[in-house]
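Hi everyone, thanks for coming. Let me put the model up on the screen, and then we can walk through some helix packing and the interface together.

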Amino acid sequence: MNAKDYYTEHRRLVLGVFSVIFLVAAWELLLTYVFPVNPFFFTKPSLIAEAFKEQVQGAKLWHDLAISSRAFLWGFSFAVIVGIPLGLVMGWRRRVEYALDPFLTAMYASPLVALAPLLIIVFGVGVLGKAALVFLLSVFPFVFNVFAGVKSTDALLINVIRSFGGTDKDLYFKVILPSTMPYLIAGARLAIGRGLVGIIVGEFYAASEGIGFAISQAGDTYRLPDMFVGIIILSVIAVVLTEAMRRLELTVAPWRAGEEVR
Amino acid sequence: MKLKTFCTEHESFILGTGFIVILLALWESVPLWYTLPKGMALFFTTPSKVAAAFQQLLINGEIEKHFYVSAIAFLAGLGLSIVVGLPLGLLMGRSQTLEALLDPYVTSFNASPRIVWLPLMILWFGIGIWSKIVIVFAGAVFPLLINTYAGVKNVNRVLVNVVRSFGANEWQLMKVVVLPNSLPYIIAGLRLAIGRAILGVVVGEFFGSSQGLGYMIASAATNYKVDVVFVGVAIFMALSVILTLAVKQLESRLASWRPETAKTF
């Protein structure tokens with residue numbers, strides 16, 4: 001009886017875990033017993049696990065990850081430093097909004113990743129080129145989300161602060177910042193996704209180290225298990241970061257989780 | 001006086017276009033007030049040179065040729081993602097079992113950049129249209145699926161119960177209540193999917209193609225033809241903006257009567 005109760009209570013979890021286990025098992029069994037594996041074109045979970053173990057123990061994977069995250073952090077930090085003030089000014093000053101909105105919207109809507117080859121060629125295959133790409137891709141979510149956050153600030157609250165003789169500092173720290181916070185976190189979540197695309201594309205295009213380079217090199221040399229290891233690690237990082245942001249969003253502003261500005 | 005009222009009425013338009021015009025003019029005038037060092041001059045171009053390159057590529061048919069290749073990959077990938085994402089989203093919204101079974105994959109794929117699969121796709125499908133279509137599909141299918149799902153989940157329970165009480169079967173329920181009610185969500189998903197699909201075309205053509213606008217950009221960059229790079233980027237920009245605006249128009253028309261905004265992921 002107990003097992004049944006457990007099932008009805010955690011139905012989602014049980015079914016989800018079951019479906020993942022089923023898929024992995026089916027993949028492994030099919031390629032072991034039904035079709036013989038052609039190691040140049042396909043691989044199976046046991047081989048991936050082996051490659052995973054080997055790579056985790058080796059130094060190259062960690063080195064690649066460090067290289068990629070350094071470029072990511074540089075680009076991302078600059079996106080934060082530039083994007084948040086820009087969004088604040090756009091939200092607070094109507095004329096600035098009018099002037100910048102069409103231009104920035106066009107930039108945000110367009111696939112700026114198309115500039116990747118140019119950026120890599122101009123800034124080189126090192127940290128700078130990749131960081132520039134990450135910055136370019138991840139700055140706009142910050143701008144537009146902070147912008148929307150400021151816009152959504154309750155005018156009544158602003159008037160209250162003003163009437164009670166609050167200074168500009170009070171206004172910013174007590175009203176505008178708190179009401180912008182959830183938008184900012186949502187923006188960060190989007191920016192992480194876009195920044196990761198930037199890193200990957202930059203490293204696919206031209207690099208000598210980094211996790212994206214490791215994946216594309218493994219592909220070029222038909223080392224499929226290694227390639228899957230790279231893909232899985234990168235996906236796990238992406239999922240963890242995005243999920244962390246979503247959790248943060250839920251704690252900061254549970255009433256508007258999952259909503260996005262544009 | 002008249003000029004002044006005109007200015008205040010169209011302030012946003014004037015400031016918006018004015019900023020872009022000033023930016024372009026500044027860019028154009030850079031060589032006039034600053035001589036670039038030799039190394040940098042190689043990477044520099046001006047809007048007029050980009051326009052000239054655009055005209056030339058248009059005349060010799062280069063753009064047309066590449067555009068067709070990209071457009072086919074875009075349409076095929078997006079079409080495929082609609083054909084798969086829409087029904088799957090509807091089913092996931094209606095069946096809790098299916099939702100629980102597929103949720104781990106949908107969530108993790110949606111959160112991770114699909115571009116990482118590109119080398120594998122190139123390995124499996126070769127350089128050419130198929131690897132591109134698959135990567136476009138992989139990018140575009142999740143926003144569509146998730147938004148359709150969210151739309152179905154958001155359907156008014158009362159309406160569902162009413163239609164059920166009058167003896168509708170699942171198919172009729174779908175047609176009469178579920179689909180019309182989730183349409184705004186689906187359109188919002190489509191808008192996101194278009195952006196992802198264009199990204200897929202660009203990156204797919206950087207690496208897995210010998211034709212198409214993305215290939216044109218990548219090969220121009222390696223040959224230091226910076227003006228051609230900007231022609232390609234400008235075309236992608238224009239297409240994205242036009243398509244996004246078109247879908248937004250559709251969205252606001254459909255959503256004008258509903259108070260809550262569609263959830264987008």
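At what angle do helix α4 (residues 60-92) of chain A and helix α7 (residues 127-151) of chain A pack? The angle is about 30°, and their axes are 6 Å apart. That makes α4(A) roughly parallel to α7(A); angles under 35 degrees get that label, over 145 is roughly antiparallel, 65 to 115 roughly perpendicular, and the rest oblique. For those of you who like the details, axes are lines fitted to C-alpha atoms, for helices over the stretch in contact, and angles run from 0 to 180 degrees between N-to-C directions. Helices here are DSSP runs of H or I with at least four residues, numbered from the N terminus. The crossing of α4(A) past α7(A) is right-handed, meaning that the near helix is turned clockwise from the far one by less than a right angle. By class, this contact has 25 nonpolar, 5 polar and 3 charged residues. Nonpolar covers Ala, Val, Leu, Ile, Met, Phe, Trp, Tyr, Cys and Pro; charged is Asp, Glu, Lys and Arg; the others, Gly among them, are polar.

A quick word on ground rules. This is a predicted model, where local features need pLDDT of at least 70 and side-chain atom pairs count only at pLDDT 80 or more, while totals for chains, interfaces and linings use all residues. Residues are numbered from 1 along each chain as its sequence is written, chains are lettered from A and ligands numbered from 1 in the order in which they are written, and side-chain values use heavy atoms, with hydrogens and water left out.

Now to the interface. 56 residues of chain A are in contact with 54 residues of chain B, contact being heavy atoms within 4.5 Å. The buried area is about 4900 Å², with 76% given by carbon and sulfur atoms; that is accessible area (1.4 Å probe) lost on putting the two parts together, summed over both.

Which helices meet there? One pair is helix α2 (residues 11-34) of chain A and helix α6 (residues 96-111) of chain B, whose axes come within 8 Å and cross at roughly 55°. They are therefore oblique to each other, and the crossing is right-handed. The contact residues include A:L15, A:F18 and A:L23 on one side and B:L101, B:P104 and B:Y105 on the other.

Another pair is helix α6 (residues 116-123) of chain A with helix α11 (residues 213-222) of chain B, crossing at roughly 15°. Here A:P117, A:L118 and A:I121 meet B:I217, B:A218, B:A221 and B:T222. The classes are 6 nonpolar, 1 polar and no charged.

Finally, salt bridges: a side-chain nitrogen of Lys or Arg within 4 Å of a carboxyl oxygen of Asp or Glu. Across the interface the rule finds 4. B:E11 forms one with A:R95, the closest N and O atoms being 2.2 Å apart.

How values were computed
Helix = DSSP H or I, 4+ residues; strand = E, 2+ residues; numbered from the N terminus.
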